[in-house]
Amino acid sequence: GNRRGESSSLMNLGLIANNRGEYDEAERLHNESLDIDRERGDRRGEATSLNNLGLIANNRGDYEEAERLYNESLAIKREIGDRRGESHSLNNLGLIAINRGEDDEAERLHNESLAIKREIGDREGESGSLDNLGVTAYNRGDLDEAERLYNESLAIRRDIGNRRGESSSLMNLGLIANNRGEYDEAERLSRESVRIQNEIGIPLD
């Protein structure tokens, strides 16, 4: 039979289950997909399955397990020279560090991810990394640095026409203005963010 197609179908079903919050079912499907990938010696598929299992662990709040799976996925991506995949794994590890309040580690991981995204010309990914670095700076209380990073992210998102990302960047800049007591500016930014959300008809998660 077509084992690769089977693995791919299981993976898609796993992603759907994960989005629905059915984590046990998602885990079962991704593990089945992982078994087929390993049986076929499909390293790229294996790395993807491990990453997907990491997302489930992360959604459950099991950061240690998520970190273990992301690192396993990262090692394979480096081994096969998948630069884009490597940048995604570093990004996922950086998000865990943010959740744990490990700002130095988060900054290191997101900067490493950012460097790869710039190297391969992934503009969308670059804006996401700048955003995550902005969150890290914000958490540290370095509002000037956070503002600089959010503005850099916003400029890319406007440039590539990522409206949802633009709305998110404006909301982040609004939080900074609010923190500084610049309430008129905060309101202006928040209104602009909401206006874009209404325009594109997508609620921000």
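1. A quick word on terms before we start: helices here are DSSP runs of H or I with at least four residues, strands are E runs of at least two, and both are numbered from the N terminus. With that in hand, the chain of this predicted model reads α-α-α-α-α-α-α-α-α-α along the sequence. That amounts to ten helices and zero strands.

2. On overall dimensions, the C-alpha atoms fill a box of roughly 60 × 35 × 30 Å along the principal axes. The accessible surface is about 10,500 Å², and carbon and sulfur atoms account for 43% of that surface.

3. Of the 205 residues in the chain, 44% are buried. Among contacts with a separation of 6 or more, 48% join residues 24 or more positions apart.

4. Now to one helix pair, α9 and α10. Helix α9 covers residues 163–179 and helix α10 covers residues 183–200; their axes come within 8 Å and cross at roughly 160 degrees. Angles over 145 degrees count as roughly antiparallel, and α9 and α10 are therefore roughly antiparallel to each other. The crossing of α9 past α10 is left-handed.

5. Which residues make this contact? On the α9 side they include Arg 163, Glu 166, Leu 170, Met 171, Leu 173 and Ala 177, while α10 contributes, among others, Tyr 183, Ala 186, Leu 189, Val 194, Ile 196 and Ile 200. By residue class, the contact of α9 with α10 divides into ten nonpolar, six polar and six charged residues.

Key: Residues are numbered from 1 along each chain as its sequence is written. This is a predicted model: local features need pLDDT of at least 70, side-chain atom pairs count only at pLDDT 80 or more; totals for chains, interfaces and linings use all residues. Side-chain values use heavy atoms; hydrogens and water are left out. Axes are lines fitted to C-alpha atoms, for helices over the stretch in contact, and angles run from 0 to 180 degrees between N-to-C directions. Angles under 35 degrees count as roughly parallel, over 145 as roughly antiparallel, 65 to 115 as roughly perpendicular and the rest as oblique. A crossing is left-handed if the near helix is turned anticlockwise from the far one by less than a right angle, and right-handed if clockwise. Contact means heavy atoms within 4.5 Å. Ala, Val, Leu, Ile, Met, Phe, Trp, Tyr, Cys and Pro count as nonpolar, Asp, Glu, Lys and Arg as charged, and the others, Gly among them, as polar. Buried means under 20% relative accessible area, exposed over 50%, partly exposed in between (1.4 Å probe, protein chains only). Accessible areas come from the Shrake-Rupley method with a 1.4 Å probe; for residues, only the protein chains shown count as cover.
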